[in-house]
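Here is a short report on one protein chain. Look at the structure first, then read on.

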Amino acid sequence: MADLKVLGICGSLRKASLNMAALRACGELLPPGMALTITTGIGELPLFNQDVLDAGMPEPVQRLRAQIAAADGLLIASPEYNFSVPAPLKNAIDWASRAPNQVFQDKPIAIFSVVAGSLKRTRMQYDLRKMLVQLWGHVLPRPEVFVANAASKFTEGRLTDETSRKFLAELLAGFKDWILRMKKT
Ligand SMILES: Cc1cc2nc3c(=O)[nH]c(=O)nc-3n(C[C@H](O)[C@H](O)[C@H](O)COP(=O)(O)O)c2cc1C
């Protein structure tokens, strides 16, 4: 059987984003039978505007939508901004959610976040989950993974904390089962 194609999306556009670094680590932690591609496409999108959409779906939006549509599952890593989902990620969801063929329909999705402080910031994850579920995305319920105290977990842009790597590996193993379960239904 061909590998399950997972598309990684990062909610931070920062070059040195730790969420992006953790997504890259996920590429090393995947169970057999999964392959991860990470998109940087959300940084290329214009701000959502119905007038722009009415004039024709912009190229970068078409590209991102095609990437999402082609994936067997989405793996979203994102920081929390002002108690919720960062604007670039919300903007991408708004673009991708428009007809025709809204691309989150029946898409298996896993979420995790890398957080600067010591507290697990559940708000971003719950807001993101709420958006995706109402689009009929199938968001993996558990485990909920947070990499807190982020600065201490990375060395030169690489996730080196073994406990965090173990939690991410568990998330990815659960995600593989979730994708396969969704394919059967
Ligand atoms: C505009 C803005 C708002 C933020 N709001 C929150 C917040 O509400 N809660 C929180 O825990 N961290 C907040 N932060 C801190 C980010 O979550 C933190 O910088 C994170 O590590 C950035 O992720 P990155 O390394 O992937 O860019 C905020 C940062 C910015 C720039």
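## The aromatic pair

A search of the whole structure, which is a predicted model, finds one aromatic pair. Phe 48 and Trp 95 form this pair. A pair of aromatic rings is described by the distance of the centres and the angle of the planes.

Are the two partners buried or exposed? Phe 48 is partly exposed, at 28% relative accessibility. Trp 95 is buried, with a relative accessible area of 0%.

## Helix α4 and its cover

Trp 95 is one of the buried residues of helix α4 (residues 87-96). What covers them? The cover includes two strands, β1 (4-10) and β3 (73-77). It also includes the helices α2 (50-54), α3 (59-70) and α5 (122-134).

## Charges over rings

The charged end of Arg 123 sits over the ring of Phe 83, 3.5 Å from its centre. Lys 166 lies over the face of Phe 167, and here the distance to the ring centre is 5.0 Å.

## Nonpolar cores

In soluble globular proteins, nonpolar side chains tend to be buried together. The largest nonpolar core of this model holds 30 residues. Which of them touch the most other members? They are Leu 75, Phe 112, Phe 154, Leu 168, Leu 171 and Phe 175. The elements giving two or more residues to this core are β1, α1 (18-29), β3, β4 (108-114), β6 (145-147) and α6 (162-184). A second, separate core has 28 residues, including Ile 9, Ile 93, Leu 132 and Leu 135.

Leaving aside neighbours within four places in sequence, Phe 175 is in contact with Val 6, Met 34, Gly 73 and Leu 74, among others. Its contacts also include Pro 108, Ile 109, Ala 110 and Leu 140.

## Cysteines

How many disulfides does a search of the whole structure find? It finds zero. Cys 10 and Cys 26 explain part of this: the sulfur of Cys 10 is 11 Å from the closest cysteine sulfur, in Cys 26, which is too far for a bond. A disulfide needs the two sulfur atoms within 2.5 Å.

Cys 10 is buried, with a value of 3%. Cys 26 is buried at 0%.

## Overall fold

The chain has six helices and eight strands. From the N terminus on, they run β-α-β-α-α-β-α-β-α-β-β-β-β-α. The radius of gyration is 16 Å, close to the 16 Å that the globule rule gives for 185 residues, so the chain is as compact as a globular protein of that length. Along its principal axes the C-alpha trace spans about 50 × 40 × 25 Å.

Of the 185 residues, 49% count as buried. Among contacts between residues at least 6 apart in sequence, 79% join residues at least 24 apart.

Gly 33 gives a local view of this. Gly 33 lies in the loop between α1 and β2, and is partly exposed at 30% relative accessible area. Beyond neighbours within four places in sequence, Gly 33 is in contact with Asp 3, Leu 4 and Lys 176. Gly 33 and Trp 178 are 145 residues apart in sequence and 13 Å apart in space, C-alpha to C-alpha.

Most residues other than glycine have a negative phi, and most peptide bonds are trans. Where are the exceptions? The peptide bond from Ala 99 to Pro 100 is cis, with omega near -5°. Pro 100 is in the loop between α4 and β4. A cis bond also joins Arg 142 and Pro 143, with omega about 0°. Pro 143 lies in the loop between β5 (138-139) and β6.

Asp 106 is not a glycine, yet has a positive phi of about 60°. Asp 106 is found in the loop between α4 and β4 and is partly exposed, at 45% relative accessibility. Glu 156 also has a positive phi, near 45°. Glu 156 is in the loop between β7 (154-155) and β8 (158-159), and is exposed at 83% relative accessibility.

Methods: Residues are numbered from 1 along each chain as its sequence is written. This is a predicted model: local features need pLDDT of at least 70, side-chain atom pairs count only at pLDDT 80 or more; totals for chains, interfaces and linings use all residues. Side-chain values use heavy atoms; hydrogens and water are left out. Buried means under 20% relative accessible area, exposed over 50%, partly exposed in between (1.4 Å probe, protein chains only). Helices (H or I, at least four residues) and strands (E, at least two) are DSSP runs, numbered from the N terminus. Contact means heavy atoms within 4.5 Å. A nonpolar core is a set of buried Ala, Val, Leu, Ile, Met, Phe, Trp, Tyr and Cys residues joined through side-chain atoms within 4.5 Å. Rings of Phe, Tyr and Trp (its six-membered ring) pair if their centres lie within 6.5 Å; planes under 30 degrees apart count as stacked, over 60 as edge-to-face and the rest as tilted. A charge sits over a ring if NZ of Lys or CZ of Arg is within 6 Å of the ring centre and within 35 degrees of the ring normal. The radius of gyration is taken over C-alpha atoms; the globule rule is 2.2 Å times the number of residues to the power 0.38.
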